[in-house]
Amino acid sequence: MKSAEQAAERTSPSELKTSAVRSYCRGTVPLTAKLEPWITNFCHGTALPALVQKYGSPLNLLNTEPFQRNVTALYDIAQSRDLDFDVYFARKANKCLAFVETAKTLGCGVDTASLEELQQVLQSQVPAEKIICTAAIKSEELLRLCIVSGTTIAIDNLDELMQTAILAGELNQRAAVAIRLSGFQHQGTKLPSRFGFDIEEIVPLLQDLQSESCNSLQHLNLSGIHFHLDGYSQVQRISAIQQLLPLIDELRAREFPIRFLDIGGGFPMCYLESKTEWETFWQTQRRALLGEHIPLTYRNHGLGLASVEGTLTGKPNCYPYYQNLVQADWFGEILSSASEAGTIADSLRTRNIQLRCEPGRSILDGCGFTVARVEFRKLQTNGDWLIGVSMNRTQCRTSSDDFLIDPLLIPILERSPLPRTPAGISGYLVGAYCTESELLSLRKLLFPHGVAIGDFIVFPNTAGYFMHFLESRSHQFPLARNVIFDAETNQCECDAIDA
Ligand SMILES: *Cc1c(COP(=O)(O)O)cnc(C)c1O
């Protein structure tokens with residue numbers, strides 16, 4: 001057997017730091033978080049208490065350096081295939097203006113999903129040709145601003161198309177338009193979507209509009225084709241692109257000046273260190289739901305699965321927190337996949353068409369964490385502890401059932417007003433909304449060194465969606481502040497969105 005010293009010798013100081021940071025809290029079946037060095041440093045250092053004191057709990061801490069790295073990796077892949085390519089950052093995934101500024105500096109674009117998002121991006125002086133609006137609902141005011149500013153509008157339906165045409169006519173301007181498409185054939189079935197025109201109906205529709213005596217399309221510059229698929233399937237996106245290539249040819253043949261193909265977002269990312277942990281978690285969760293293992297979740301919550309007469313139904317309603325092929329590598333494989341006489345990259349290059357994408361979550365990988373203060377510990381009669389934390393569940397949530405990443409616990413440095421709990425307790429993190437279901441994580445957590453009032457709970461890697469997508473102000477709680485950490489100057493400053 002190896003001695004502890006021998007083992008320690010081969011462990012680098014940063015690895016030691018990371019394992020120390022992780023040692024205070026883990027799931028009863030662990031899901032160990034991937035940690036960026038800057039996040040580990042914050043958790044290991046002494047700066048957090050003063051920041052939470054100053055800005056309140058919970059607090060979102062953000063860093064734009066990983067964003068730059070993630071965006072650059074996408075451009076590098078496209079450049080290696082000699083493609084005309086642009087990234088449009090889907091800013092609905094995080095509201096901070098620091099990322100808009102960073103996108104502008106990098107020269108990449110921004111995808112906006114509301115009037116307010118667009119107004120802010122325009123105010124930040126992002127050039128209009130680097131902005132697209134994909135809002136699900138577009139008011140007349142939003143359409144007008146798109147047209148006047150020169151922002152490309154991703155058109156979802158015929159009403160939107162006609163309204164844009166009328167407004168552009170009134171304004172005597174040409175609207176930059178991309179047609180959003182859906183209904184792609186994939187492995188023998190049609191992919192359903194609430195968004196976009198059906199791929200089979202678009203050509204006759206545009207032909208009709210083009211041939212009308214008044215030519216409704218004369219004020220539209222139909223320069224792009226757009227799609228955004230639900231989920232993270234690589235093969236579905238390959239199918240969609242393959243079906244759009246001939247469509248682009250056909251539209252061009254009919255004098256529509258298609259310049260770009262926008263493949264939307266949904267680029268996968270990975271939050272966890274270990275594939276084995278991820279598989280073990282779900283195997284154990286299934287056994288727990290069948291009554292073959294003690295529950296891993298609050299009141300044996302199914303996380304999308306349910307046991308019906310001894311068999312499991314449903315599917316996990318959670319982000320795939322562990323994924324193998326992600327981000328730029330995943331994107332590179334799409335470009336390399338077979339198409340016509342070569343690869344998809346070849347097909348795009350020979351057509352002289354620009355490829356665009358709109359990742360949100362995956363380019364925010366590593367860009368932030370959420371920290372909140374422990375206010376109470378309570379032992380329940382069933383032996384589970386409830387750890388009361390100053391935040392609510394909308395401050396670390398997406399539409400997914402749960403946050404399947406082990407939070408971190410940072411022990412308080414000063415004396416706590418009351419003693420720590422015993423070591424080795426387990427239980428659940430509960431939040432500030434006054435409902436029985438207000439859990440910050442449904443997973444049962446283990447605290448090997450106990451919990452004290454004033455300890456901090458850190459939710460790692462929350463910049464993509466978790467911070468802002470569902471945050472609400474119920475009970476009149478203020479929204480969490482967003483503080484940007486500048487690694488170069490070592491300074492922290494409130495993001496302009498909170499001004
Ligand atoms: C949400 C959204 C995106 C971003 O999706 P991610 O999963 O965050 O990459 C891109 N485009 C459109 C149209 C969207 O609605």
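## Ligand surroundings

The shell around the ligand comprises three nonpolar, five polar and five charged residues; here Ala, Val, Leu, Ile, Met, Phe, Trp, Tyr, Cys and Pro count as nonpolar, Asp, Glu, Lys and Arg as charged, and the others, Gly among them, as polar. The structure is a predicted model, in which local features need pLDDT of at least 70, side-chain atom pairs count only at pLDDT 80 or more, and totals for chains, interfaces and linings use all residues. Residues are numbered from 1 along each chain as its sequence is written, and side-chain values use heavy atoms, with hydrogens and water left out.

Among the 13 residues around the ligand (a heavy atom within 4 Å), Lys92, Gly266, Glu358, Arg361 and Tyr465 come nearest.

## Polar contacts

Polar contacts are pairs of N or O atoms within 3.5 Å. A polar side-chain atom of glutamate 358 is 2.7 Å from a ligand nitrogen atom. The side chain of lysine 92 has an N or O atom 2.9 Å from an oxygen atom of the ligand, and that of histidine 228 has one 3.5 Å from a ligand nitrogen atom. Of the 390 Å² of accessible area that the ligand has on its own, the protein covers 89% (Shrake-Rupley method, 1.4 Å probe).

## The largest pocket

The ligand takes up the space of the largest pocket, with more than half of its atoms within 2 Å of the pocket's grid points. Domain 1 (4-63 + 366-498) and domain 2 (65-268 + 323-362) both contribute lining residues, so the largest pocket lies between them; the bounds come from an automatic or database domain assignment.

Notes
A polar contact is a pair of N or O atoms within 3.5 Å; within protein, one must be able to donate a hydrogen and the other to accept it, and residues adjacent in sequence count only if both atoms are side-chain atoms. On a 1 Å grid over the protein atoms alone, a cavity is a set of points where a 1.4 Å probe fits but cannot get out, and a pocket is an open set with protein on both sides within 12 Å along at least five of seven lines; lining residues have an atom within 4 Å of a point.
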